[in-house]
Amino acid sequence: MKWKTLAIRIGKNIRRIRREKDLTQEKAAELSGTMTLRHWQYLEKGDVNCTLHSLARVARALDVDPGELLE
């Protein structure tokens, strides 16, 4: 699987879970601790490679297991 395909899949999962929890992108980025709104938006669009560190911050912000973002 190409990294871009995986980045898009992760981004779709991030967006779906964020919406299920009724969070704005801005609020979710704030909950991540140090992530900017712009970086959050890039992750959701699959425009950046999601590092393990970013994945952990997103999972914390969304209160989910990091593995759920990879499904």
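Gly46, with a positive phi near 75°, follows helix 3. Helices here are DSSP runs of H or I with at least four residues (strands, E, need at least two), numbered from the N terminus. The structure is a predicted model, in which local features need pLDDT of at least 70 and side-chain atom pairs count only at pLDDT 80 or more, whereas totals for chains, interfaces and linings use all residues. Residues are numbered from 1 along each chain as its sequence is written, and side-chain values use heavy atoms, with hydrogens and water left out.

Helix 3 itself has buried residues at Trp40, Leu43 and Glu44. Viewed down the axis of helix 3, these buried residues fall within an arc of 95°, so they line one face of the helix; the arc is taken from the directions from the helix axis to the C-beta atoms. Arg38 and Lys45 are exposed on the other side of helix 3. Buried denotes under 20% relative accessible area and exposed over 50%, with partly exposed in between (1.4 Å probe, protein chains only).

Trp40 and Leu43 also belong to the largest nonpolar core, which has 18 residues; together with Ile14, Val58, Leu62, Val64 and Leu69 they touch the most other members. Helices 1, 2, 3 (37–45) and 4 each supply at least two residues of this core, and helix 4 gives the largest share, 5 residues. Such a core is a set of buried Ala, Val, Leu, Ile, Met, Phe, Trp, Tyr and Cys residues joined through side-chain atoms within 4.5 Å. In soluble globular proteins, nonpolar side chains tend to be buried together.

Leaving aside neighbours within four places in sequence, Leu69 is in contact (heavy atoms within 4.5 Å) with Ile10, Asn13, Ile14, Ile17, Leu55, Val58, Ala59, Leu62 and Val64. Asn13 lies in helix 1 and is buried, with a relative accessible area of 9%. With neighbours within four places in sequence again set aside, the contacts of Asn13 are Glu68, Leu69, Leu70 and Glu71.

Two loop residues remain to be considered. Asp22 lies in the loop between helix 1 (3–20) and helix 2 (25–31); its phi is positive, near 55°, in a residue other than glycine. Asp22 is exposed, with a relative accessible area of 71%. Asp63 is found in the loop between helix 4 (52–62) and helix 5 (66–70). Although Asp63 is not a glycine, its phi is positive, about 55°, and Asp63 is exposed, with a relative accessible area of 66%.
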